[in-house]
Amino acid sequence: EKNWLARADRDKGRFRSFAVIPLPDTEGSLREIEYALDVLKAEGIALWTTYSGMYLGDPSFLPVFEELNRRKAVVYTHPTVPDCCAGLVKGLPVSTLEYAHDTTRTIASLVFGEGQTALRYPDVQYIWSHSGGTLPFLTSRFVELASHQKDKFPDGPLPIFQRFYYEVAQGNTPGQLAALMEMVKISQVMFGSDYPFRKGTEAVEGVHNYRFSPDEIKAIDSENAIRVMPRLRV
């Protein structure tokens, strides 16, 4: 116990947390948001990409996103096993293929879905896993889709994608980073490692071996996250 207390005192202020909420339970989620952000002082809310087959843009989730928008909350999202597509290719783990696609699906649901959640509630500060999944590779398709909906997207979907944040866990190869940096500015990129499922050195080396300047590396490593979540500053 003494050793545990000593470590807790040593590490005080080094770690922050995100809180999970019980979607699709709307009332429970609203209570948990209040408790997590006001009492526990969590940095934000952690979500899956899909819940019981419903992506985050489902209209039933609008009251939750209305509250997150009111608070200008940070929302970190990680993919999970999608109901639609698990086991489509035998011998291929769902995380190998579908995790990246599922991030793109839920982003598309927020932007293009029936609830128009990202348009309706623009102050939610989303952080997407894995450099946005397959989103950076599919932007031209979304631009084409939006071109037929000028009333909703007078400037196209890119300004919406460009206000989101993207962390580089399993999204740090030269091709992935090149696609991401074609879509967003350096201010929208954050460090992520997926440790312990992947070695943290993979993300570190991916960022440091890319053509980023020292200032850009510093922004990815910590400065962008601190700007969004000031309590991260030690």
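Me: Which helix gives the most to the lining of the largest pocket?

Reply: In this predicted model, helix H10, which spans residues 214-228, gives the most to that lining, with five residues. The lining has 25 residues in total, and those nearest the centre of the pocket are Phe18, Phe191, Ala225, Met229 and Leu232. The pocket itself holds about 730 Å³ of space, and its lining divides into 14 nonpolar, five polar and six charged residues.

Me: What lines the second largest pocket, and which element gives the most to that lining?

Reply: The second largest pocket has a volume of about 500 Å³. Of the 15 residues that line it, Ser95, Tyr99, His130, Gln170 and Asp194 are the closest to its centre. H4 gives the most to this lining, with four residues, and by class the lining has five nonpolar, eight polar and two charged residues.

Me: Why is the pair of Tyr126 and Phe164 called edge-to-face?

Reply: A search of the whole structure finds 10 aromatic pairs. In the pair formed by Tyr126 and Phe164, the rings are 5.2 Å apart centre to centre, with 75 degrees between the planes. The centres lie within 6.5 Å and the angle is over 60 degrees, so the rings pair and the pair counts as edge-to-face. Tyr126 lies in strand E6 (residues 125-128) and Phe164 in the loop between helix H7 (158-161) and strand E7 (165-167), so the pair ties together parts that are 38 residues apart in sequence. Ring pairs also link Phe65, Tyr126, Trp128 and Phe164 into a cluster.

Me: Which residues have the most contacts inside the largest nonpolar core?

Reply: They are Phe161 and Phe164, in a core of 47 residues. The largest share of this core, five residues, comes from helix H4 (residues 94-112). Apart from this core lies another, of seven residues, among them Ile127, Tyr165, Ala225 and Val228. Leaving aside its neighbours within four places in sequence, Phe161 is in contact with residues including Ile107, Val111, Phe112, Leu135 and Phe142. In soluble globular proteins, nonpolar side chains tend to be buried together.

Me: Why is Val234 called exposed, and where does it lie?

Reply: Exposed means over 50% relative accessible area, and Val234, at 88%, is therefore exposed. Val234 lies in the segment after H10. Val234 and Phe15 are 219 residues apart in sequence, while their C-alpha atoms are 9.6 Å apart in space.

Terms used:
Residues numbered from 1 in each chain as written. Predicted model: local features only at pLDDT ≥ 70, side-chain atom pairs only at ≥ 80, totals over all residues. Heavy atoms only, no water. Core = buried A, V, L, I, M, F, W, Y, C linked by side-chain atoms within 4.5 Å. Buried < 20%, exposed > 50% of the residue type's maximum accessible area, 1.4 Å probe, protein only. Helix = DSSP H or I, 4+ residues; strand = E, 2+ residues; numbered from the N terminus. Contact = heavy atoms within 4.5 Å. Phe/Tyr/Trp six-rings, centres within 6.5 Å; stacked < 30°, edge-to-face > 60°. 1 Å grid on protein atoms, 1.4 Å probe; cavity = no way out; pocket = protein on both sides within 12 Å on 5 of 7 lines; lining within 4 Å. Points joined across faces, edges and corners; volume = space filled by probe spheres on them. Nonpolar A, V, L, I, M, F, W, Y, C, P; charged D, E, K, R; others polar.
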